[in-house]
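Please read them with the model open.

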Amino acid sequence: MKLLAHLDDVGCTHGSVVAWQALRAAGTVRSASVMVPCPWYPLARDDWRENPTQDMGVHITLTSEWSAYRWRPMLGARGGLADADGFMHHRPEQVVAEADPIAVADEMLAQVERTLADGFRPTHLDAHMGTALLPEFVWSLMDAGSRYNIPVLACADLGPLSNAVRMQGVDAGFLSEVAAEAKRRGWPVFDRFMIGFCPEDMPFEAHLEGLLSESGDGMVYYGMHADTAEGMDAFAPHHTRPRRKEYDFFSAAASASFLEKRGVEVITWGEANAQ
């Protein structure tokens, strides 16, 4: 298996940026993406400026899922991008129901263009909670990628992500169309998306073993959410332990040997592009 071990949600919290620095130093997780509308984006931006060779994409953000800690669209409340409180909608299906696809396309471009203006050169574009990969929005996302020559995440099987966030309309036929278009544009297509938080009563090693077994061979995209989780109990207590477990495991050098012993080759987006 070739595994793109990818840290989502960088910039969502202070701990996500600290975690990305620690995971890079440990050497196993070498790819991540940043949430531009979030409060800790400037810290992630500054980290990139100090370490500009990092494999960092844009985690296109159209939702704000928690109740006590939220963020707003870059473009404000125009076109149904925001709820009655002015924040991004909680769920992907709310974005589909409420937002004008043209406003969504503009918001996605605004997030990419903000990183470019800040000196980033994103290595890829992917999607927070899968929203930008939905049938209503993915073609605009791919056009944004083509405009700036940035690959967009495409997977032949998005089942685990789709189940986790209840994505609608993401069936085999649709995924085949997206994969064919990604290949036409010269971008990699992953065989499967791997995701899942570790249960409270399970060692992380056993949890990861199960995820790897379910994912089979090929080129697999692992969307993880490691975070030091300091202060997360205040707004997402159910996420504190799972994210900390990922952080503890992947910030340790032993994580590399764990994967190597199981025949897993960890790759970056640049290496996926070369496949």
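1. The expected span of a helix is 1.5 Å times one less than its number of residues. The model discussed here is a predicted one. Helix H1, residues 14-26, has 13 residues and reaches 19 Å from its first C-alpha to its last, close to the expected 18 Å.

2. After H1 comes Gly-27, which has a positive phi, near 100°.

3. Which residues of H1 are buried? They are Gly-15, Ser-16, Val-17, Ala-19, Trp-20, Ala-22 and Leu-23. These buried residues pack against several elements: strands S1 (2-10), S2 (31-34), S3 (55-60) and S6, together with helices H2 (41-50) and H9.

4. Thr-228 sits in the loop that runs between strand S6 (219-224) and helix H9 (237-250). Its relative accessible area is 5%, and buried means under 20%, so Thr-228 counts as buried. Leaving out residues up to four places away in sequence, Thr-228 touches Gly-15, Val-18, Ala-19, Arg-244 and Tyr-247.

5. The largest nonpolar core has 82 residues. Leu-3, Leu-208 and Phe-250 have the most contacts inside that core. Another core lies apart from it and has 11 residues, including Trp-66, Tyr-69, Met-88 and Ala-229.

6. What does Phe-250 contact, leaving aside its neighbours within four places in sequence? Its partners are Leu-23, Ala-26, Thr-28, Val-29, Phe-204, Leu-208, Tyr-222, Met-224, Ser-255 and Leu-259. One of these, Leu-23, is also among the buried residues of H1.

Conventions
Residues are numbered from 1 along each chain as its sequence is written. This is a predicted model: local features need pLDDT of at least 70, side-chain atom pairs count only at pLDDT 80 or more; totals for chains, interfaces and linings use all residues. Side-chain values use heavy atoms; hydrogens and water are left out. Helices (H or I, at least four residues) and strands (E, at least two) are DSSP runs, numbered from the N terminus. Buried means under 20% relative accessible area, exposed over 50%, partly exposed in between (1.4 Å probe, protein chains only). Contact means heavy atoms within 4.5 Å. A nonpolar core is a set of buried Ala, Val, Leu, Ile, Met, Phe, Trp, Tyr and Cys residues joined through side-chain atoms within 4.5 Å.
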